[in-house]
Amino acid sequence: MTYHKLWFQQTASRLKVLRPFPPFSVVQNFIREYLPNLIDYMDGQGLDLRDPQHWWESIHIDGILELENSEGETLRVAAGIIEQWRNANTALRLITTPAMAKLRREALNVSQHWLFYVSSRKPYPESLWIDLLYEQADTPPPETGCTIIEVTEPET
């Protein structure tokens, strides 16, 4: 797990918006049935297929968030951290597939999937994440429910 993913999870946990992952068997069984090529890819990368983290990362989920928008509606969102722009469009193509929509809807009970593109070499301040998460919660989602969000620090 990269430092950005750790910082994101720690910040989301402190903000009390991070929810537990469903049981490992949920994602494992889903990928085996609907996305078996990902297993071949993970195995080809030499990843430990007994490690649940590799399975979640393969579908670009580094956390499940539960946020409230300004209208008081609760949103459950899958969130992934992308650290290289060249991987962002590939990740977006995967998460917008019908299979991933089915996973979000039926197994994870999440309405959207946000990919955060991070490029800083240092952690982003908690205040930036607060603003970004709640701004995104109030932004109407695209038709697919999936989006790439570039994380940038405000200019001082």
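Predicted model: local features only at pLDDT ≥ 70, side-chain atom pairs only at ≥ 80, totals over all residues.

Me: Start with α5. Which residues of α5 are buried?

Reply: Ala 88, Ala 91, Leu 94 and Ile 95 are buried, in a helix that runs over residues 85-95. They sit on the same side of α5, because they cover an arc of only 130° around the axis.

Me: And what does the face turned away from the buried side carry?

Reply: Two exposed residues are there, Arg 86 and Arg 93.

Me: What covers the buried residues of α5?

Reply: Both helices and strands. The cover includes helices α3 (36-44), α4 (52-58) and α6 (98-108). It also includes strands β3 (74-82), β4 (112-117) and β5 (146-150).

Me: Switching to charges. How many salt bridges does the count come to?

Reply: Eight. One of them pairs Arg 76 with Glu 66, at 3.6 Å from N to O. That pair links distant parts of the chain, 10 residues apart: Arg 76 is in strand β3, Glu 66 in strand β2 (residues 63-68).

Me: Is Glu 66 buried, exposed or partly exposed?

Reply: Partly exposed, since its relative accessible area is 26%.

Me: What does Lys 102 form a salt bridge with?

Reply: Glu 106, with the closest N and O atoms 3.4 Å apart. Both residues lie in helix α6, four residues apart, about one turn of the helix. Lys 102 is partly exposed at 24% relative accessible area, whereas Glu 106 is exposed at 54%.

Me: New topic: α2 and α3. At what angle do they pack?

Reply: About 105°, with the axes 5 Å apart; α2 covers residues 24-34. The angle makes α2 roughly perpendicular to α3.

Me: Which residues meet there?

Reply: From α2, Ile 31, Arg 32, Glu 33 and Tyr 34; from α3, Pro 36, Leu 38 and Ile 39. By class, the contact has five nonpolar, two charged and no polar residues.

Note on methods:
Residues numbered from 1 in each chain as written. Heavy atoms only, no water. Buried < 20%, exposed > 50% of the residue type's maximum accessible area, 1.4 Å probe, protein only. Arc of directions from axis to C-beta. Contact = heavy atoms within 4.5 Å. Salt bridge = Lys/Arg side-chain N within 4 Å of Asp/Glu carboxyl O. Axes fitted to C-alpha atoms, helices over the stretch in contact; angles between N-to-C directions. Parallel < 35°, antiparallel > 145°, perpendicular 65-115°, else oblique. Nonpolar A, V, L, I, M, F, W, Y, C, P; charged D, E, K, R; others polar.
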